[in-house]
Every structure is written in C-alpha cells, then in structure tokens.
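This report covers ligand surroundings and salt bridges. Please read it alongside the display below.

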Amino acid sequence: MEVFHIPRRGSMLMWAMAIQLILCRISVFATDSTTACKLISESKSERSILNKLEPLAHKNITADVTNGDDSYTYVFQLCGDADGIHLAGVIQKDKKAEKKPTVIGRYNATQAIGGSDWVMLIYGSGDTYDAHCSQETRKAIIMISCNRNTDMGPLEVVLEDRERTRDCFYLFELDSSAVCPVIVSHISSGSIILIIVFCLVTVYLVGGFLYQRLIVGAKGMEQFPNYAFWVEVGNLTADGCDFVCRSKNRDEAPAYRGLSTDALEEQPEERDDHLLPM
Ligand SMILES: *[C@@H]1O[C@H](CO)[C@@H](O)[C@H](O)[C@H]1NC(C)=O
Ligand SMILES: *[C@@H]1O[C@H](CO)[C@@H](O)[C@H](O)[C@H]1NC(C)=O
C-alpha cells in the first residue's frame, strides 16, 4: 500500500504532459535552409512546400548506377551545392572518364509541387544535351514520398528519359518522413474519460488511505478505503461467478449436497468468529 503516495499524482500529471508534448510534435524549425532555392515563379504555397523538405537540407545524397559498361554516381542536394558545385542541385559523375561532372539540374530554377504525402521537386537549367532532346537544358525531377520509418531513404535513379525531342528529364525517387502529413494530436473523448476515471480512483485511494491511516488509525489491509465494503463486493462477485459459471448441476446428487451444506453452514460462522475481534 505504500505505493499510493501523494507524489504519484504529481508524476502522473508529468507523464500526461510528456505524452501530450510527444503527440503534439512541437516543431521548432529554422526556416532558412531552403531559401537558397530560387523558384521559377515565387509563390507562397510553393515556398511552404519547399519548407517541408528542410530536414533534407545540407546533405549530399548520392546514388550509384551501373548500366552495362557505364557507371555513374549521382549527387543530389536540397537547395545547396551538390558535391560542392556552385548552383548544382543534381549532378552526374562518370566514374570512369575523368571529365567534369554534368549538372542535371540547378536550384536557381526550382519548382516544388506537393500533395498530402509527397513532394515533387524539379530542378531545371541543367547542362545542355549534346545530341538528344533538341539540345535543350537538362532537368531533374525528384519524387519524394512519405515513409515514416526513415528520415531519409536512399536516392534511387528511376530513369533518364531522353529519347524524345523535348521535355526530357532525369527521374529520381527518395523516401522521407519529412513529407508525411503531420499527425493531428487530439486525445479522444474515450481516453479523456479513462484519464478522469484513473484520476478519481487515485484520489479515492490516496485520500481514503490517508483518512484510514491518520484519522481512523487503521493498520495493515484495513488502511485500504472502505475495506469491508470491497471485501463484501469481492465475496459477492465470487458468489456470482460461482453461481453462473460452476458446471456442476445443482439438482444432482442431493445426498451429497445435503451433507455438504450442513458442513458449510457451520464453517463460515466459525470463520466469522475469528474475524470479529479485529
Ligand atoms: C558535399 O560534397 C562536397 C564535395 O565532396 C563538399 O565540399 C561539401 O562540403 C559537401 N556538403 C555537405 C553539406 O556535406
Ligand atoms: C541558373 O544559373 C545558371 C548558371 O549560372 C544560369 O545559366 C541559368 O540561366 C540560371 N537559371 C535561372 C532560371 O536563373
């Protein structure tokens, strides 16, 4: 019974507050990691989509791709110089040929399109194609999808679509929890009722315990509030269970029953006599 001390209520309140804090996911983000991205057409909604991606900022995210004899490394960075190359958002490095990396997209020509659990980031103004796609500038599309299990998954190169005359693009995929919808925290009315009931029970136990101990001066189990009442409830419940659940047919074996009830009728009185002096 010593467990039910007053500090218990205090610590319970602290737990409740801690849980609420976790649920609310109080987000304190600095909002300057994505400002380097220059949107092709500045708009508030597009900027807010970009801001969602902040946890991905300041990281060189790489992917290696081997395709037959060709072997490339791609480096992506959110609104920062990929692999240290000025203005580059996505670059492609040829692992064999010792030549300058190709810039696939630059973050001074950014577009951000977002849905409930995804963001499509488009970097334009890449290096021009030599022969394909009417020698237009390269473009990178990075599809970022919600995955609550990872801050930032591996970068996947999906395809390079360049067998056409215009609007060619490189497509990448990335999983991240940054684009997941925020879980709205609201404690359901059911839990509120549970919490209230729990508080009341605690107050009852603590208050009753203190009353019994300090004012009535009870000792041992009788410090438990309304001890006699609860013992009675327990006995009644046990009787009820016995009545409902006992598989033995009451009409059978009358001789045995008669004998046993006689014996039983005496015994409880004897037991009560033991309890009375307390
Ligand atoms: C990205 O890589 C380049 C080249 O290795 C390096 O100079 C730069 O500091 C890296 N940036 C970050 C944020 O790691
Ligand atoms: C982005 O920067 C590159 C390199 O300086 C430049 O060629 C390109 O025109 C710029 N794009 C935009 C949309 O400003």
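## Terms and basis

Buried means under 20% relative accessible area, exposed means over 50%, and partly exposed lies in between (1.4 Å probe, protein chains only). This is a predicted model: local features need pLDDT of at least 70, side-chain atom pairs count only at pLDDT 80 or more, and totals for chains, interfaces and linings use all residues. Residues are numbered from 1 along each chain as its sequence is written, chains are lettered from A and ligands numbered from 1 in the order in which they are written, and side-chain values use heavy atoms, with hydrogens and water left out.

## Ligand 1

H58, N60, D83 and G84 surround ligand 1; a residue counts as near if one of its heavy atoms lies within 4 Å. The protein buries 43% of the 360 Å² that ligand 1 exposes when taken alone (Shrake-Rupley method, 1.4 Å probe). The shell has no nonpolar, three polar and one charged residues. Here Asp, Glu, Lys and Arg count as charged; Ala, Val, Leu, Ile, Met, Phe, Trp, Tyr, Cys and Pro are nonpolar; the others, Gly among them, are polar.

An oxygen atom of ligand 1 is 2.2 Å from an N or O atom in the side chain of N60. For the side chain of D83, the distance from a ligand 1 oxygen to an N or O atom is 3.5 Å.

## Ligand 2

Around ligand 2 sit L87, R106, N108, A109 and S125. Two of these shell residues are nonpolar, two polar and one charged. A nitrogen atom of ligand 2 is 3.1 Å from an N or O atom in the S125 side chain. The protein covers 45% of the 360 Å² of accessible area that ligand 2 has on its own.

## Salt bridges

Side chains of opposite charge can pair when their charged atoms come close. The structure holds five salt bridges (a Lys or Arg side-chain nitrogen within 4 Å of an Asp or Glu carboxyl oxygen). One of them joins K95 and D64 at 3.5 Å, N to O. K95 is in the loop between β3 (88–94) and β4 (102–106), while D64 is in strand β1 (residues 61–67), 31 residues apart. Strands are DSSP E runs of at least two residues, numbered from the N terminus. K95 is partly exposed at 44%; D64 is exposed at 52%.

D83 also pairs with K93, at 3.0 Å. R164 and D161 form a salt bridge with closest N and O atoms 2.5 Å apart. R164 is partly exposed at 35%, and D161 counts as partly exposed at 21%.

Notes
Polar contact = N/O pair within 3.5 Å; in protein donor to acceptor, adjacent residues only side chain to side chain. Helix = DSSP H or I, 4+ residues; strand = E, 2+ residues; numbered from the N terminus.
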